[in-house]
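This report reads through a single protein chain, going from individual residues to the whole fold and then to the confidence of the model. Please keep the sequence and the structure in view while reading.

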Amino acid sequence: MNQSTQEIICTAYAKGKRHDFQLFKDTKLKFNSEIECLADKGYQGRKRLHANSRTPQKKPRGGVLHSQQKRRNRQLAQQRVVGEQVNYRLKIFRILSERSAQSAAKIWFTI
């Protein structure tokens with residue numbers, strides 16, 4: 001998704017329940033190396049597939065995050081919120097949960 005325009009650039013789907021990171025790996029989509037990917041903790045390991053990816057730092061087992069790590073996590077969350085809000089709007093209109101007869105262009109303008 002383009003953060004400045006909130007335009008959805010690419011989508012993928014699969015039958016049944018599947019984590020979106022697994023779907024990403026299965027589709028073998030390649031991103032332009034200049035595109036920055038902001039992801040949540042569920043995408044740990046994405047940097048091996050796309051070098052320009054950022055995910056939050058996980059707290060070590062039995063440990064704590066340092067203030068600089070917490071600050072970076074907060075900054076990442078503030079940037080990711082735009083994409084999360086678009087996902088939320090798509091879910092409200094049940095666009096992501098049901099197959100629609102409309103084309104993607106018609107759905108986008110419906111929102």
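Once residues up to four places away in sequence are set aside, Ile 35 touches His 50 and Asn 52. The residue between those two in sequence, Ala 51, is 16 residues from Ile 35 along the chain, and the C-alpha atoms of Ile 35 and Ala 51 are 9.7 Å apart in space.

## A nonpolar patch and a nonpolar core

Ile 35 also belongs to a nonpolar patch on the surface, which it forms with Leu 29 and Phe 31, and the three have about 230 Å² of accessible area together. Leu 29 is likewise placed in the loop between α1 and β1, and its relative accessible area of 34% makes it partly exposed.

In soluble globular proteins, nonpolar side chains tend to be buried together. In this model the largest nonpolar core consists of 5 residues, namely Phe 21, Phe 24, Cys 37, Ala 39 and Tyr 43.

Asn 73 lies in helix α2, which spans residues 67–92, and it counts as buried at 16% relative accessibility. Beyond residues up to four places away in sequence, Asn 73 touches Pro 56, Gln 57 and Leu 65.

Ser 4, by contrast, is exposed, with a relative accessible area of 69%, and it is found in the segment before α1. Although Ser 4 and Val 82 are 78 residues apart along the chain, their C-alpha atoms are separated by 8.9 Å.

## The chain as a whole

The protein has 3 helices and 2 strands, and from the N terminus on these elements follow the order α-β-β-α-α. Of its 111 residues, 17% are buried, while the protein exposes about 9200 Å², of which carbon and sulfur atoms supply 50%. When contacts between residues at least 6 apart in sequence are considered, 30% of them join residues at least 24 apart.

## Confidence in the model

The average pLDDT of the protein is 78, and 84% of the residues score at least 70. Confidence is highest in β2, at a mean of 88, and lowest in helix α3, residues 104–110, at a mean of 47. Over residues 105–111 the pLDDT stays under 50, and for this stretch the model has 11 contacts beyond four places in sequence. Where pLDDT is low, the predicted coordinates should not be read in detail.

Key: Residues numbered from 1 in each chain as written. Predicted model: local features only at pLDDT ≥ 70, side-chain atom pairs only at ≥ 80, totals over all residues. Heavy atoms only, no water. Contact = heavy atoms within 4.5 Å. Core = buried A, V, L, I, M, F, W, Y, C linked by side-chain atoms within 4.5 Å. Buried < 20%, exposed > 50% of the residue type's maximum accessible area, 1.4 Å probe, protein only. Patch = residues over 30% accessible without salt bridge, like charges linked within 9 Å, V, L, I, M, F, W, Y side chains within 5 Å. Areas by Shrake-Rupley, 256 points an atom, 1.4 Å probe, with all protein chains shown as cover. Salt bridge = Lys/Arg side-chain N within 4 Å of Asp/Glu carboxyl O. Helix = DSSP H or I, 4+ residues; strand = E, 2+ residues; numbered from the N terminus. pLDDT = per-residue confidence, 0-100.
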